[in-house]
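Look through the structure below, going from single residues to the whole chain.

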Amino acid sequence: MSMTAPAASHSTNHPPDFKTEFHPHSKHPTLYQSFEDFGQQIPEDMALVSEPWRPFASEGDYIFAMIAVEAGLTSTQVDSLLMLFHRIKQGMTSSQFSKFKITAPYKGEDMMFQVHARPLWDWALNLLQNPSLAPHFVWDAQWLFKHDGEKYERFYTEPWTGDHWWIFKCVSQLPTRMEKAVLFTFILYADKTQLSSHGTVKGYPMVARCANLPVHIRNGEQYGGGCVVPELMQEERKTGCANLKHTVWHEAFFKLLEKVAKLSKVGYLYECYDKVLQWLFPVILILSADYEELCCPCPFCLVPSDRLWDLSKMYEMRTSEQHKEALAVYMDKKSVGEQKLKFLGLHPLKNIFWSIEHSEPEQAASFEPLHSLHGGMAGKHMHEELKITVSKLGHNFETKLEEQVSAFPHWQGLAHFDTQCFYTALNVLMTESSPAGYQLLHMMCSYLQLDSLIGLDIQTEKTIAMIENELIVFRDELKVSASSSWAVRNYSARPNEKMHGPLKDAYQDRSNDDNDSLLAQILCVDHHRLVIKLIQVCIDAENERTNLAAGDDAGNNEDNGGKFEENTKLSAPQQPTSLSDIETTHKDDRAFDGFCRKLETFLNTCLPTYRYPLNKWIRLQGTHTVHEYRYLKVKHVSMVDWEITTSHLRCSPNFHSWQWYDCALIQLSETKITFVQLIFFFTCKIGAYDDSFQFALIQLLTASTRVHRLDQDFNLT
C-alpha cells in the first residue's frame with residue numbers, strides 16, 4: 001500500500017535554482033528564478049477578436065466548411081465554400097501558393113518543371129499578426145544555467161539558448177544603429193515523398209517552421225506549426241542525372257527565398273500584433289533533412305569515407321568558402337575543379353543559401369536523428385544484422401525472439417523497436433551459442449545509451465560530455481563488430497514527416513489525371529487546411545478566455561489532458577466492490593492474499609504518520625466497499641527538463657486487449673528508492689473521516705538476485 005507523502009521543504013540558504021543571462025544587445029538584466037517559477041511564465045494576453053470564425057457569417061458556417069474540407073467533398077459541393085475562402089480579409093488569410101515554371105537543360109533539350117511556392121516572408125508576417133501567437137515570440141538570445149549544488153551549469157533547450165543565436169546577435173552581425181534589430185529565424189525541412197502508390201510520382205515538399213516560437217507551438221500541428229511552402233513534383237522516369245535534380249531544386253528554392261535573401265541584408269521594419277516595431281532580419285537557422293538531401297560523406301566536416309567509423313578524431317569543418325573556391329576552380333578549369341568538388345562531395349552548382357546573409361548552410365545543417373539513428377543506423381543496419389545473426393542459429397531461435405518481442409510490455413512513450421530488440425535478444429544471443437551475436441548486443445547497448453542521451457529535451461554540459469564519452473565506446477564496439485548545441489527536438493525531422501500524409505491523401509483522393517493542374521489541386525487542399533487551422537486557433541483562444549472568465553473548468557477529463565489541482569488524479573473508475581469480492585476475484589494472484597487484513601494493518605500503522613489521529617484500532621469487514629480505478633495521472637517536476645510534467649500510469653487487466661500494469665520508481669525511505677509494479681488503484685472511506693483516501697497496491701521489486709555476467713557486461717544492474 002502507498003500514500004502520497006508531503007513535499008519536502010527547500011533550504012532558504014540555497015542559491016536560486018536557475019539563472020538566465022540575456023545578450024547585452026537586449027539590455028535585459030540577468031534573471032534568477034526558483035524551481036517553481038522557471039518555465040512557468042504566463043504570456044501577456046493579447047486582445048482577441050470577438051467573432052474568431054470570421055469571415056464566415058457564423059461559427060456554424062465555419063464548422064460546415066471545416067467538415068467539407070476534412071471530408072474531401074467534390075468541387076461542385078464546395079463551390080460556395082470556395083467563394084467564402086476567397087473573401088477572407090487581409091490579415092485573416094494565409095498567403096496562397098504561386099506557380100512558377102523552371103527550365104533546365106538536359107541531354108541537349110530544355111526540360112520544364114512546375115513549382116508551386118508559398119512566399120516564405122508572407123507566411124512569416126502572417127504569424128506575426130496572429131493574436132494567439134504574438135505573446136510567445138522570443139527575440140533575444142539567452143544563456144540558461146541551473147545550480148547543481150556547487151555551481152551554475154549551463155544547459156540548452158530552445159534555439160535561442162544556443163551559441164549560434166548569441167553569435168548572430170553580436171554587434172558585428174546586426175547593425176548597432178538599429179535598436180530594435182532582431183532575428184526572424186527559420187527552420188527548413190526538405191525531403192521527398194511518394195505521392196502515388198506505385199511510386200512514379202514523387203513530391204519534394206519543403207516545410208518551414210519559425211524558431212522564434214517555443215517548441216510546443218513550433219512542432220505542433222495547429223497554426224504556428226509547420227507549413228508546406230514549396231512543392232516540386234516530377235515523375236521518377238524523367239530524372240536520370242544528379243546535376244539536373246540539384247539544379248532544378250536550387251532554382252525552385254530560389255523562388256521561395258528571393259524576398260528573404262533581399263531582406264536579410266537590409267532588414268524589414270514591421271509593427272507586430274502587440275504594436276511593437278521590430279527591425280526584422282531573416283536568417284536560416286536550422287536545415288533539417290535526410291543525408292540524401294545533404295552532401296556526403298559527412299555534411300559537417302571533411303572526414304574521408306573510409307574514416308567515418310573513427311569518432312575520436314576531429315576533422316576540418318565544412319564552410320561555404322571551400323565550396324566557392326572549388327566552384328571558381330571548376331569554372332576556370334573543369335578537370336581540376338571536378339577533383340576538388342569530388343573531394344568535398346559537392347556538385348558544380350551555386351548554393352542558393354549563399355544569397356542569404358548569416359545563413360551559411362554548413363552551420364545550419366543539423367544532425368537528424370530520425371533518419372540517422374532510428375531509420376538509419378538502427379532501422380537499416382542493426383535490425384538487419386540482428387535478423388541475419390539470429391537466422392544462423394535456426395528456426396527455434398527466430399521463433400523465440402519473435403514471441404518475446406510480441407510479449408514485450410507496453411507503456412506510454414515506448415515507440416522504439418530497437419529497445420525491444422535489445423532486451424528480448426539477451427537470452428537468445430548468448431556468448432556460448434553466438435559470439436558474434438553477443439558482440440552485436442554490446443554495440444546495440446552502446447547505441448541505446450547514445451540514443452537516450454541525444455534524445456534528451458534538454459542538454460547540459462554534463463550530458464554533452466557523456467555523449468562524447470559514449471561515442472568513443474560506440475566506436476570501439478562498432479570496430480570490433482565490423483572485424484567480426486541545442487536539444488535534438490529543435491531539428492528533428494519527426495514532426496515534419498507527419499506532414500507527408502495529408503499531401504499523399506490529397507493526391508489520392510482529391511486530384512485527377514490532369515498533370516497540368518495536379519499540383520494546383522493538391523496545394524489547394526493544403527491551403528484550405530491551413531486556413532482551417534488559422535480560424536480554429538482563434539476560436540480555441542476565444543473559448544478558453546470565455547471559460548476562464550466564467551470559471552468553467554468542464555471537460556477536463558483523462559482523455560483531453562485537462563488540468564487537475566492536486567499532484568495526482570485517479571480516472572477510469574470501476575463499479576464499487578467489497579473487500580471479500582476483491583479477494584475472491586483475485587484468488588489466483590498471490591498479491592491479493594489477505595488483502596483485507598493487509599489493508600487494515602496498513603491503515604492503523606500509517607494514518608497517524610499522515611496526521612490522521614486514531615482513537616482506536618480500525619476494523620475492516622469483508623463487506624467494506626472500495627472503488628477501483630485503472631488510470632492514474634501524476635504531476636511532478638521532470639528530471640529531464642525541470643518543468644512540471646504529467647506521467648500516465650495504468651493498472652488494467654484489459655487495456656485495448658492487453659494486460660497493462662506499469663512500474664514506477666518510489667522513495668521507499670529517506671535514503672532508499674526502489675522500483676515497484678503497480679497492481680491495484682482504489683479509494684475507500686475510513687470510519688469517522690469524511691475524506692476518501694486514495695491507495696495503491698504495489699509489488700516491491702527489491703528481491704536480491706545473483707549478479708550474472710550478462711548484468712555486468714551490459715550494465716543492467
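A residue is called buried when its relative accessible area is under 20%, exposed when it is over 50%, and partly exposed in between, using a 1.4 Å probe and protein chains only. Cys272, at 7% relative accessibility, is therefore buried. Cys663 has a relative accessible area of 42%, so Cys663 is partly exposed. Of the 717 residues in the protein chain, 45% count as buried.

This is a predicted model, in which local features need pLDDT of at least 70 and side-chain atom pairs pLDDT 80 or more, while totals for chains, interfaces and linings use all residues. Residues are numbered from 1 along each chain, and side-chain values use heavy atoms, without hydrogens and water.

A disulfide is a pair of cysteine sulfur atoms within 2.5 Å. By this rule, the count is zero. For Cys663, the nearest cysteine sulfur belongs to Cys651 and is 9.5 Å away.

Next come the strands. Helices (H or I, at least four residues) and strands (E, at least two) are DSSP runs numbered from the N terminus. The protein chain has 20 helices and 21 strands. Two strands pair if DSSP finds at least two bridges between them. Five strands form an open sheet with antiparallel pairing, in the order β2-β1-β5-β6-β13. Its edge strands, β2 (31-33) and β13 (459-460), each pair on one side only. Within this sheet, β5 (residues 142-147) and β6 (residues 152-156) are antiparallel and joined by four bridges. Lys146 has Glu153 in β6 as its bridge partner.
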